[in-house]
Amino acid sequence: MTGGAEAQSFMPPFAVIALILILARATTELWLSRLNQRHVRARANEVPAAFRRMIDEATYRRSVDYTLAKSCFRDVAGVFDTVMLIAVLFSGVLPWAFRRFSANFGTSVWAMAGFLFVTGIALSIPALPFAWYAQFKLEERFGFNTTSIKTWILDRMKGFLLAVLLGYPLLALVLKLIEWTGSNWWLWAAAIVIAFQLLLLLIAPAIIMPLFNKFTPLPEGTLRERLFALAQRTDFPTRSIDVMDGSKRSRHSNAFFTGFGRFRKIALFDTLIAQLTEPELESVLAHEIGHYKKRHILKLLGASIAGVLLAFAAIAWLARQQWFYRAFGFERQTGFAAANVVPAMLLFVLLGGTISFWVSPFIHIWSRRFEYEADAFARLTMGEAQSLIQALRKLSEKNLSNLIPHPLYSSFYYSHPTLLERERALRITV
């Protein structure tokens, strides 16, 4: 196996920069993880005063054990991912595979889309043992796993088939736009991908999500009346509130709404309904409605659209840079043929996480602001804060959440404020 840059006795400058960035991210992740582990262990022997009325000592110790077990597992998985990324990027396997694939299947749009698709599948396979261990060992150990081997396998088969039916044609269409539109292909490609994302938001609640979970209307009763009354007085248009069989896979709990217009779906996990009282469930739904009323969904959608445009603009620019191709063993040809852009797309996806890691604290600041605003909306709608506070406490207890993350670790990994931060904000507004 040979790479396009093997004749060089040294790494090109950008390859060195990329390697440094990858190692810097991996090192920082490990450092943050160990910082958080030390922070948690230092407070493991006694329930912190702020939580003594909401959690017993045995449950608190289990939450500490769960936090540390997940953290250690993620350390191992993270090191593996880093080693795999470095090997894939700098061993020459990608340019070798690209040349072999092109020689055997040609450089048509469908062939190049096939290369991206097959490469993506191949790169995801090494992660499967980690996903299996997380589900059937780690989650099982702490009593959360309810997934059967059959369901786990079927989920991945369904995901693969959806990728074939939806993802592969989309890739081919994006590459075809390169032939149709020339140097401005990235604008058209971004528009197609954005339109596809919007279409998924419409059809996913009715077509895709039921492939994985069963959704049944919330049965008649006081809870249904309470939640529909909440939707009515907050002017939240909804035709149904469904119960999702989340217990089919896990004892973790959640609630969400998705979709637009007549396709909108409000869903409560069956595990959530079992864990919370009716006023607490109403406060959780009020929080979710708060996201809608504060236009957080539209703002996040706008950010997603901007991200797609920025990503395609970056790919289009990188596809014109010979130094970028040579840094990873590829050779760029002239023009805007699909075969010339595909390596840039692949490399951009592989390197994207390295860049996004460093901006994640800023994104989380924005996300946490949304959570505070939704909490405040729920408090105002309910006329009190205690129902939501109790719901958050129960969810933290039942899910064995890390109640005491290190602040720096939280800034990199937590899209939601911690329990104490949310309680403090809710009580201030009372």
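Start by selecting Lys176: at 28% relative accessibility, this residue is partly exposed, a label for anything between buried (under 20% relative accessible area) and exposed (over 50%), using a 1.4 Å probe and protein chains only. A quick note before you click on: this is a predicted model, where local features need pLDDT of at least 70 and side-chain atom pairs count only at pLDDT 80 or more, while totals for chains, interfaces and linings use all residues. Residues are numbered from 1 along each chain as its sequence is written, and side-chain values use heavy atoms, with hydrogens and water left out.

Glu179 and Lys176 form a salt bridge, with their closest N and O atoms 3.0 Å apart; the term means a side-chain nitrogen of Lys or Arg within 4 Å of a carboxyl oxygen of Asp or Glu. Both residues sit in helix 6 (residues 149-181), three residues apart, about one turn of the helix. Helices here are DSSP runs (H or I, at least four residues), numbered from the N terminus.

Next, pick Glu282 and Arg226, whose side chains meet in a salt bridge at 2.6 Å, N to O. This pair links distant parts of the chain: Glu282 is in helix 10 (residues 278-293) and Arg226 in helix 8 (residues 222-233), 56 residues apart. Is Glu282 buried or exposed? Glu282 is buried, at 5% relative accessibility, whereas Arg226 is partly exposed at 29%.

Definitions and conventions: Helices (H or I, at least four residues) and strands (E, at least two) are DSSP runs, numbered from the N terminus.
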